[in-house]
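Subject: Structure handover

Hi,

Here is the structure I promised to pass on. Please open it and keep it beside this email while you read. My notes follow below.

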Amino acid sequence: PRRALLSSLLRLRACSSLAHRPPRPPPPSSRRHQFVADPNAAAGTGRSSVGGNPLDPTQLLRDDPVSITASLWVSSFRAAAPGDAAPPPPPTLAPFLTRLELWVLAYQKAYADETGSYLPRSSIPASTLTSILTLRNAVIDARFRFGNRLTPYLHSPRAAASPDPATLSKRKLRALLTTPGPAPFQDRVVQELLLLLLEPVYEARFSPKSFAFRPGRSPHAALRSIRRSWAPYLWYIKGDLSPLLDSPDPALVVGALIRDVRDKKVVDLVRSALLTPVVTARPGDDDASKKKKKRKYQKKKVLPEGEPKPDPYWLQTFFGFAPEEALTQPDWGHCGVLSPLLANVCLDEFDKWMDEKIEEFYKPSKSDVVGGEDGIEQGNTSWPEFVPTSGPDKTRKVDYIRFGGHFLIGVRGPRADAAVIRKQLIEFCDQRFRIKLDNESLPIEHITKGIMFLDHVLCRRVVYPTLRYTATGGKIISEKGVGTLLSVTASLKQCIRQFRKLEFLKGDREPDPQPCFRMFHATQAHTNLQMNKLLTTMAEWYRYADNRKKVVNFCSYIIRGSLAKLYAAKYKLRSRAKVYKIASRNLSRPLKDKKGQSPEYTNLLRMGLVDSVDGLQYTRMSMVPDPDYTPLPSGWRPDHEKFLLEYIKLTDQQTLEEQRSCIREEGLITPQDHISMLVWSYKKNAVLLPSSKESDVQESIEDLGSDTDELNNKELGHGGHQGFPQPTEMS
């Protein structure tokens, strides 16, 4: 019961401040950090709503930028929380543009992307803070333009000594404006700031069925959600909306943005980023650059000072295994890091349209365990992948999932329902997104053929488990059942295709490993270490595949054969067999060690003169970890969303009242109430007592008088005689 759950929760959190009634906030006029737009800032004077000297940026950095962003996340999720009353409008974003703390946080993120290292706020020079303040004022005054190289408000940390455009000649100025290159650093800072403001607003409103380009919603989460609840579906429709991500319509993007964001400054910045033309290379420039590269070819590239190091070889190789659904990364004009979020904003309308179709096509059946009249699944909650078979009267339902620009629709029912959905889908995409789709691009496939999604094959297996249940008389009955089980397996053909694309394999029917000559100049220890990282990442990528052992062991075989051929060519050993004979099966023994000419490898390793060589992992199938069959909880959400919803629930007044009632019924008392009682009793009793100074003086006089009276009575021989006159004053 909920009351018992709350009481147990309160016993664990008795020492926390969640059970204490929060104080009533002061009126808005007296709040210190009220996010209200300052007319002076809007007019361009650069003054902040929290006060301070507008010319001194250090006085404007008063709050923690992470707490400001967290408050925006909480307010957005609280506004989007379902309830009986109409949800309040989303928070206004224009006042946040005046907060210099957020601008500094955006600068730190852009600095980390530019240099590869994090810069603390205390290490930012005063001149840089002044430049950030100048950039903020230019954005507020609508003087900022994306791609403007003639007015640098903020210089890149890697180009601190860049020349002033006003001092350049006409030829250099023309070359600066017409030569394609990376976006100005100030553009990236503005993009990071817009991402900080728009992401919490839309993350609270996006559909839970959309994945990719969202925090916490990885391909693994999509595969686990499919494994959990997609077992009953027979017909599948797989589609691609990537043309929308490649060449967007600015009017479509701005129209989708205006539905939830009504701040003119924010919308104008996004519109300017979409409409500003990007400088592209001329047709003859590519050939000239290729010829120039061929002339100045270097085997070992020397990185310029301050340039971040490229990705290691194992990571570049793993990126080559990216599935088709994750290859398209939107990059719209000058939007930069804001492009993926805007792509999800456009496709969110498609998600809501599919939610309506899910409700429209849902027809429950009482005799089916998949769904009843209330729409709640009645199957085995501990084994959601198993769906028992039933009679001809089955529940008809539709489900949907989207990963970036690719989507998958599952239909339980006749094929005619899938055909109707496909027809309506083609009309919707043509009218709303202006994307021409046809029946060939949206094929309807049966589950028995195997559905490829995220480089995993979805198929169905018929199982005959033994079902045990209790009859009305309490007797346990066992009988054979028949049902279907959804299988999610990694595509071995796709894995071979990717290895062939990366030049690790040659041949189709009998693939033959090829040496990876990019590691020719590396040592054996470094090469094995790089490949072990690749194998560990591959094993993690295929974590939820039913054939995880098989596909990871195959990857280990390909990489091991490739390294053996590389070592045979490097150390002139002629064949892989001789390499395996010297270096063992997992290539853990050094190949340079020659008996009679140098000390043993173990002695050199003990003296620290050579590096230890780690053997390759997963050389045997028994070493590969088992697949992860942990079921995805019902109503799954990413961790950050669960924490936000729990925080909002615990700060709700109704929840606090329920906790207090549970505490009173259980006869408990919170530490806050106990301290309040002590303080109140002290204040109540302290009014009846004299002040501390007067009481101390009175007690000392009484003690001194009593001692003197007792001494006089003893000296005069009248101890205890009440009739003897007592002195009234002591000298």
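Start with F407. Its relative accessible area is 0%, so F407 is buried. Keep in mind that this is a predicted model.

Next, find the partner ring. F350 and F407 form a tilted pair, because their planes stand at 55 degrees, with the ring centres 5.2 Å apart. F350 sits in helix 15 (residues 339-360) and F407 in strand 5 (residues 406-412), so this pair ties together parts that are 57 residues apart in sequence. F350 also counts as buried, because its relative accessibility is 0%.

Ring pairs join F350, W353, Y400, F407, F428 and F433 into a cluster.

How many aromatic pairs does a search of the whole structure find? The count is 18. One of them is Y107 with F185. That pair is edge-to-face, with 90 degrees between the planes and 5.7 Å from centre to centre. Y107 belongs to helix 5 (residues 100-115) and F185 to helix 8 (residues 185-203). They are 78 residues apart, so the pair links distant parts of the chain. Are Y107 and F185 buried or exposed? Both are buried.

Now turn to two helices. The axes of helix 17 (residues 492-501) and helix 19 (residues 548-570) come within 11 Å of each other. They cross at roughly 20 degrees. Angles under 35 degrees count as roughly parallel, so helix 17 is roughly parallel to helix 19. The crossing is right-handed.

Which residues make the contact? Helix 17 brings L492, C495, I496 and F499. Helix 19 brings K550, V551, F554, C555, I558 and I559. Sorted by class, this contact has nine nonpolar residues, one charged residue and no polar ones.

Last stop: P250. This residue lies in helix 11 (residues 250-258). Which residues does P250 contact, leaving aside its neighbours within four places in sequence? They are L274 and L275. S272 is 22 residues from P250 along the chain, and their C-alpha atoms are separated by 9.7 Å.

Best wishes

Note on methods: Residues numbered from 1 in each chain as written. Predicted model: local features only at pLDDT ≥ 70, side-chain atom pairs only at ≥ 80, totals over all residues. Heavy atoms only, no water. Axes fitted to C-alpha atoms, helices over the stretch in contact; angles between N-to-C directions. Helix = DSSP H or I, 4+ residues; strand = E, 2+ residues; numbered from the N terminus. Parallel < 35°, antiparallel > 145°, perpendicular 65-115°, else oblique. Left-handed = near helix turned anticlockwise from the far one by under 90°. Contact = heavy atoms within 4.5 Å. Nonpolar A, V, L, I, M, F, W, Y, C, P; charged D, E, K, R; others polar. Phe/Tyr/Trp six-rings, centres within 6.5 Å; stacked < 30°, edge-to-face > 60°. Buried < 20%, exposed > 50% of the residue type's maximum accessible area, 1.4 Å probe, protein only.
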